[in-house]
Amino acid sequence: MGKVDFLCIAVLVDDVKEPVDVGRLDIEEGSLTAIHRKPELTRRQIESSHYGGGGNIAPVSKILGIKTGIMGYVGNDYEGEFFIRGMKKSGINTEGIIKTKWHTDVSIIPRDKKGKRGTIAFFEGAGRYFDMTDEIKEKILSLQPKIVQIGYSGLFDRGADRNRGKNLAEMVKWIKSIGSIVMVDTHTYASHPEKYNLLKPSLYDADLFMCSNDEVELMTKQYDINCSSESDEISKAYSFLEYLQSIFWRGIKTPRIFAVTAKDYVIIKYFSPKKGVITKFIENHYSSIKAVFAVGAGDSFRAGFNSYIVKNLDGFKSGTFKIEEAVQFANLTALLYISGKGPEAFKNYKYGDIVRFVKRGKPAKAYNDIKKIYYNMDKKN
């Protein structure tokens, strides 16, 4: 097995872009619309897919020049073969992908008999059973990642999220025990906010945690955090991070970063033994450019942020980490991802190209076109 610097552990999904005539489906409404039986898909429909879940994360770090691996379950079916083939084509280490008896996860755009497109629906298959087995441990030990991102706490409900999230927390502890830095994140569970309870045990040991401002709104209610005096989302985000610090950072001795992300800003807390806790509000320098396809914005932000840490690991550990530069790097990474065709939007840009551009600081005039970003990135000075 080859070593990697960044390992993405996540639900692995084929996002079918071609509308699918699925007839009657038992659909559960909410921000994460679930279907309860696997849709019959043709090879053409499967091959119309983009790679979702971990497929939103791993290709971004790989294209930035980071040695990247991906881990998760797929089925012994064509959907699984398609996902693995796509990751290999992107140069990603796929030795952590395991084929199982369950079907590969897919998301689809249902279409009724009149041709009307419905809400995007998600079929939970093999991913929900992913767990920390001895086989998984052996693969992680062989890959020796510097950073592991465990994506979408709450979707492994019959695997790592069992035992009220304590299994996932044990996974975090074990990965840290072999010397890796661990990030956990979650999903937008508008119709099932109780799933956020599964995340809590992991937050005691996670080195990195990031969520969106939309998720903060849901989590403050689920965690019964008193934000009654806060009238805006920024104030609520500050209160949320203060709560996390007070509960999950007691007596910590190793570096931590927890953050809330939004389109226009990031609020971040960084602890290092050398400097203590630093809290910063960071404006997104590139938020004036509209997304072409916003799916994967949060995933690509995290992939960019983790890629930056890989390249600046000593600074993260020592307390000299450049927080603002890291956030703007992640902002620009996400922008490139959602303003084009996913990883293809990066063209030939690697880590160094993006860092050099970010180091120029806030533009005197806000960018309003991705082409201007490309033009300025291509300029040598």
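Visitor: Leaving aside neighbours within four places in sequence, which residues is Phe 305 in contact with, and what makes a pair of residues a contact?

Guide: With those neighbours left aside, Phe 305 is in contact with Met 210, Ile 257, Ile 268, Phe 321, Ala 326, Val 327 and Ala 330, where contact means heavy atoms within 4.5 Å. This is a predicted model, in which local features need pLDDT of at least 70 and side-chain atom pairs count only at pLDDT 80 or more, while totals for chains, interfaces and linings use all residues. Residues are numbered from 1 along each chain as its sequence is written, and side-chain values use heavy atoms, with hydrogens and water left out.

Visitor: Why is Ala 330 called buried?

Guide: The word buried is kept for a relative accessible area under 20%, exposed for one over 50%, and partly exposed for what lies in between (1.4 Å probe, protein chains only). Ala 330 has a relative accessible area of 0%, so it is buried. Ala 330 lies in helix H11, the label being that of a DSSP run, numbered from the N terminus (H or I with at least four residues for helices, E with at least two for strands). Not counting residues up to four places away in sequence, Ala 330 touches Phe 301, Gly 304 and Phe 305.

Visitor: What makes a set of residues a nonpolar core, and which members of the largest one touch the most others?

Guide: A nonpolar core is a set of buried Ala, Val, Leu, Ile, Met, Phe, Trp, Tyr and Cys residues joined through side-chain atoms within 4.5 Å. The largest has 115 residues, of which Ile 150, Ile 175, Phe 209, Phe 240, Phe 305, Phe 321 and Ile 373 touch the most other members. Helix H11 (residues 323–338) gives the most to this core, with 11 residues. Another core, of 11 residues, lies apart from it, and includes Val 16, Leu 41, Ile 46 and Ile 108.

Visitor: Why is H9 said to be largely enclosed by the rest of the structure?

Guide: Of the 15 residues of H9, 12 are buried, and H9 is therefore largely enclosed by the rest of the structure; Phe 301, Gly 304 and Phe 305 are among these buried residues.

Visitor: What makes Asp 232 a cap of H8?

Guide: A side-chain oxygen of Asp 232 lies 3.1 Å from the backbone nitrogen of Ile 234, at the N-terminal end of H8. A polar contact requires a pair of N or O atoms within 3.5 Å; within protein, one must be able to donate a hydrogen and the other to accept it, and residues adjacent in sequence count only if both atoms are side-chain atoms.

Visitor: How do you know that both faces of E14 are covered?

Guide: Leu 208, Met 210 and Ser 212 on one side are buried, and so are Phe 209 and Cys 211 on the other. In a regular strand the side chains alternate between the two faces of the sheet. Five of the five residues of E14 are buried, so this strand is largely enclosed by the rest of the structure.

Visitor: What makes E14 a partner of E13 and of E15?

Guide: Two strands pair if DSSP finds at least two bridges between them. E13 (residues 181–184) and E14 run parallel and are joined by two bridges, with Met 183 opposite Leu 208. E14 and E15 pair in the parallel sense over five bridges, and Met 210 stands opposite Ala 259 in E15.

Visitor: Why are E8 and E17 placed at the edges?

Guide: The open sheet has nine strands in the order E8-E7-E1-E12-E13-E14-E15-E16-E17, with mixed pairing. E8 (93–100) and E17 each have a single partner strand, so one side of each is left without a neighbour in the sheet. From one strand to the next the twist averages 15°, axes being lines fitted to C-alpha atoms, for helices over the stretch in contact, with angles from 0 to 180 degrees between N-to-C directions.

Visitor: Why is Gly 276 called partly exposed, and why is His 285 called buried?

Guide: Gly 276, which lies in strand E17 (residues 276–283), has a relative accessible area of 23% and is therefore partly exposed. His 285, found in the loop between E17 and H9, has 18% and is therefore buried. Not counting residues up to four places away in sequence, His 285 touches Gln 328, Gly 361, Lys 362 and Pro 363.
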